[in-house]
Amino acid sequence: MAQATTVFVLNGPNLNLLGTREPGIYGRETLADVETLCRKTAGPLGLRIDFRQTNHEGVLVDWVQEAAAQAGGIVLNAAAYTHTSVALLDALRAFDGPVIEVHVSNVYAREPFRHHSYVSARADGVMCGVGVAGYALALEAIAPMLDAPPAGKTTRQ
Ligand code: DQA
């Protein structure tokens, strides 16, 4: 039975390199800093966080499937798989709870191949281009959605 207040915070490829990877684009904060930020933000919101990172597409798909049984919502930075993965979109479509997509950088101000997101086709909201603060904002956004569907939405597609 899924725990309504559990949120999976899932991170895709190369996000383990945050802090050293292209700091002019992604900043100096590490993934460990992001996890700390998420835990600090989640506490007062009454959320339990399951924070994970993988470099492998199939593992992300497995985790989204696992979330269906164990989590009320998903905060997802799928990194490069955002722009390529139909498999991830299909997995997200099989998940019933709210999904917030996160990107540290503003993908729309970058190369054209980053302008399309398969994740956005299913996401209830997108946090993009505000740095790692986007993770905290995503948790604040998802908290009320765990009790009620997002405004204007009666069923998820
Ligand atoms: C990213 C943006 C993606 O285009 C890129 O492939 C990433 C990180 C971001 O957080 O800004 O790896 O998702």
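How many salt bridges does a search of the whole structure find? The search finds 6, a salt bridge being a side-chain nitrogen of Lys or Arg within 4 Å of a carboxyl oxygen of Asp or Glu.

Before selecting anything, note that this is a predicted model, in which local features need pLDDT of at least 70, side-chain atom pairs count only at pLDDT 80 or more, and totals for chains, interfaces and linings use all residues. Residues are numbered from 1 along each chain as its sequence is written, and side-chain values use heavy atoms, leaving out hydrogens and water.

**Stop 1: Arg 52**

Select Arg 52 and Asp 50. They form a salt bridge, with the closest N and O atoms 2.9 Å apart. Arg 52 is buried at 13% relative accessible area. Asp 50 is buried too, at 15%. (Buried means under 20% relative accessible area, exposed over 50%, partly exposed in between, with a 1.4 Å probe and protein chains only.)

(Helices, H or I of at least four residues, and strands, E of at least two, are DSSP runs numbered from the N terminus.) Glu 66 is partly exposed, at 26%.

**Stop 2**

Move to Arg 114 and Glu 111. Their side chains meet in a salt bridge of 2.7 Å, N to O. Arg 114 is buried at 16%, while Glu 111 is partly exposed at 31%. Shared partners also join Asp 50, Arg 52 and Glu 66 into one network of salt bridges.

Next, show the ligand. Residues around it include Arg 21, Tyr 26, Asn 77, His 83, His 103 and Arg 114, each with a heavy atom within 4 Å of it.

- Val 104, backbone N or O atom: 2.8 Å.
- Arg 114, polar side-chain atom: 2.9 Å.
- Ala 80, polar backbone atom: 3.2 Å.

Taken alone, the ligand exposes 320 Å², and the protein buries 99% of that. (Areas come from the Shrake-Rupley method with a 1.4 Å probe.)

**Stop 3: helix 5**

Finish by selecting residues 133–145. This is helix 5, with 13 residues. Color its buried residues, among them Tyr 135, Leu 139, Ile 142 and Met 145. What covers the buried residues includes helix 2 (31–45), strand 1 (3–11) and strand 4 (99–103).

Note on methods: Expected span 1.5 Å × (residues − 1). Contact = heavy atoms within 4.5 Å. Polar contact = N/O pair within 3.5 Å; in protein donor to acceptor, adjacent residues only side chain to side chain.
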